Amino acid sequence: MARMKFLCDAERCIECNGCITACKNENDVPWGINRRRVVTLKDGEPGEKSISVACMHCTDAPCQAVCPVDCFSTTPDGVVLHNKDMCIGCGYCFYACPFGAPQFPQNEAFGVRGKMDKCTYCAGGPETADGSAEEQQKYGSNRLAEGKLPLCAEMCATKALLAGDSDQISQTYTARILQRGGRPQTWGWSSAYGE
Amino acid sequence: MLNSDTKTAVSEVNRRRKRNRRIMWTFVAMWLMVVLAPIPGYFMTTETVQAKGEFTENPRSNYWGEVRNAASGYTTDRGLEAGILVDDAGENWRVLRNDTILPYGAWLLAFVIVAIGAYFMFAGPMKIEGKLSGIKIKRWNLYDICIHWIVAVTFFVMSISGLILLYGRAVLIPLFGREGFAGLAMLCKDVHNLLGIPFSVALLMMILPWLKDNVFRSEDAEWLSQAGGMFGGKHPSSGKNNAGEKMWFWLLTIGGTVLVVSGFVLVMPNLEQLRGTMITMHILHSVSGLILIAVSIGHSYMGSVGIEGAFDGMVSGEVDAVWAKQHHDLWYSDKMLKK
Ligand code: SF4
Ligand code: SF4
């Protein structure tokens with residue numbers, strides 16, 4: 001079975017935020033919630049690099065381990081989904097996640113957390129019918145069921161953000177690395193601009 | 001003839017010995033060469049690297065090392081700490097909660113229950129010595145009684161709901177299934193969050209007026225050294241509150257403050273507190289909660305079946321003179337003197 005993963009090639013990402021826009025649009029992500037974000041390190045300095053990050057769909061996911069209602073499930077494709085009917089909005093998954101992926105709508109009184117929301121790998125929800133209106137409204141689109149990959153990666157203009165079976169995307173990435181050569185001085189920032 | 005034969009034999013032995021020694025030294029020399037031969041290489045490599053000033057460290061690996069250690073960058077995401085790509089803090093929290101607090105908390109509660117059960121079976125309740133006198137002495141006024149029971153009931157409900165949130169996944173999901181349990185958990189979360197407010201207020205209103213009766217005094221050391229007469233012997237002297245009650249009071253004051261403060265930090269995530277703060281508060285909250293629950297089981301036992309006559313005191317506010325003399329003799333003589 002395939003194991004779906006994301007991989008962002010930091011040498012290619014140009015911080016255009018196209019993936020963010022694609023995600024927001026495709027999944028009707030509400031205001032204030034960001035399933036994906038682009039982080040730029042050393043912004044404006046030599047060695048600047050950007051990375052697009054969302055839920056990494058961890059194997060043996062930490063969020064899953066701490067959820068008091070055990071509402072996470074991993075699909076046979078390796079996508080980590082959570083059931084919003086069961087979620088009680090305790091925030092534990094947000095404490096445990098190393099990537100800051102779980103998000104919470106804060107429209108209740110005193111900022112009490114609503115149901116957790118995170119990247120679904122464009123695979124809808126665990127309990128809703130594939131591609132149903134309910135699923136779209138609750139979790140966003142289910143492109144995986146249509147045989148398509150997450151829109152963020154599909155839209156990425158520089159093909160920095162890769163999505164797909166982990167074996168295949170790591171092959172693609174390895175091929176890139178080999179072509180660039182193992183030495184950092186022959187590619188990347190320093191070869192293009194000097195230090 | 002014989003002599004020359006012996007001579008040849010001796011020289012033969014010597015020759016063999018010499019050869020063996022030579023072989024041995026050859027091996028030693030070979031071994032030394034194998035071990036030492038690469039060493040000049042090390043010197044040379046270090047020299048060249050130092051000369052060029054390159055490859056002494058790997059800049060790319062340092063770069064990603066910083067990212068791995070929660071370095072923060074720029075992002076358009078307005079969320080708190082959104083600039084951090086990887087943060088391990090939650091990993092430690094997960095291990096502390098799932099592998100330390102959960103099992104040790106369960107052991108603690110089990111130990112307390114078993115210990116109390118064993119004590120009850122072997123020593124039985126502390127009976128009133130002699131006949132009741134029928135003379136009533138006021139121990140608690142109406143305010144004390146009300147505030148005690150408000151704190152007690154809210155504490156009880158919050159303990160149960162907190163324990164369900166902590167242990168429900170392990171204990172209740174196998175019984176009710178995930179869907180069934182989720183409804184209960186949601187209810188527990190809401191009840192736990194809302195009751196926190198009356199509990200905090202009532203706790204404060206209970207601690208303040210009771211403070212002066214819970215200051216430790218000279219007789220308390222004696223009381224403690226005899227464990228309050230729990231294991232036989234003469235009942236040690238005590239004022240209005242004995243040393244056990246005082247310890248429970250101070251534990252509740254300190255633990256309760258930790259619980260209330262950490263609870264408020266956790267319940268209002270919109271105060272811009274960072275994840276690290278919330279994680280710390282969660283650990284403090286669960287540890288102090290579990291300790292207080294464990295001790296409160298002991299307190300409930302003493303106040304109900306453990307000590308005959310104690311429960312009536314917290315219901316009617318009055319205790320019998322005989323009970324007072326038995327359990328709180330100093331307070332009893334005080335009261336008698338005043339009368
Ligand atoms: S929410 Fe976080 S911990 Fe859970 S699978 Fe996604 S990246 Fe991993
Ligand atoms: S917020 Fe929801 S999904 Fe996250 S740990 Fe709590 S119950 Fe589980």
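Predicted model: local features only at pLDDT ≥ 70, side-chain atom pairs only at ≥ 80, totals over all residues.
Put together, the strands make an open sheet of three, in the order β3(A)-β2(A)-β1(B), with antiparallel pairing. The edges of this sheet are formed by β3 of chain A and β1 of chain B, each of which pairs on one side only.

The size of an interface is often given as the accessible area lost when the parts come together. Here chain A and chain B bury about 3,900 Å² between them, and 58% of that area is on carbon and sulfur atoms. On the side of chain A, the residues that lose the most area to chain B are M86(A), I88(A) and Y95(A), which together account for 18% of what that side buries. Counted by residues, the contact takes 46 from chain A and 41 from chain B.

Polar groups also meet across this boundary, where 20 residue pairs are in polar contact between chain A and chain B. Which elements of chain A give two or more residues to the side that touches chain B? They are the strands β2 (36-41) and β3 (49-54), together with the helices α2 (62-66) and α3 (92-96). Of these, β2(A) gives the most, with five residues, and by class this side of chain A has 28 nonpolar, nine polar and nine charged residues. The rule for salt bridges finds two of them across the interface, and R169(B) forms a salt bridge with D70(A), the closest N and O atoms being 3.1 Å apart.

Over all chains, the structure holds 21 salt bridges. Within chain A, E11(A) forms a salt bridge with K49(A), with the closest N and O atoms 3.8 Å apart. This pair links distant parts of the chain, since E11(A) is in the loop between β1 (4-8) and α1 (18-27) of chain A, whereas K49(A) is in strand β3 of chain A, 38 residues apart.

Chain A also supplies residues that surround the ligands. Around ligand 1 there are 14 residues, the closest being C55(A), M56(A), C58(A), C63(A) and C97(A), and the shell divides into twelve nonpolar, one polar and one charged residue. Around ligand 2 there are 13 residues, of which C67(A), C87(A), C90(A), G91(A) and C93(A) come nearest. By class, the shell around ligand 2 has eleven nonpolar and two polar residues, with no charged residue.

Finally, the backbone of chain A has two places that a careful reader may wish to find. D28(A), in the loop between α1 and β2 of chain A, has a phi near 50°, a positive value in a residue other than glycine. D60(A), in the loop between β3 and α2 of chain A, has a phi near 55°, which is again a positive value in a residue other than glycine.

Terms used
Residues numbered from 1 in each chain as written. Chains lettered and ligands numbered in written order. Heavy atoms only, no water. Near = heavy atom within 4 Å. Nonpolar A, V, L, I, M, F, W, Y, C, P; charged D, E, K, R; others polar. Contact = heavy atoms within 4.5 Å. Buried area = accessible area lost by both parts, 1.4 Å probe. Salt bridge = Lys/Arg side-chain N within 4 Å of Asp/Glu carboxyl O. Polar contact = N/O pair within 3.5 Å; in protein donor to acceptor, adjacent residues only side chain to side chain. Helix = DSSP H or I, 4+ residues; strand = E, 2+ residues; numbered from the N terminus. Pairing = 2+ DSSP bridges.
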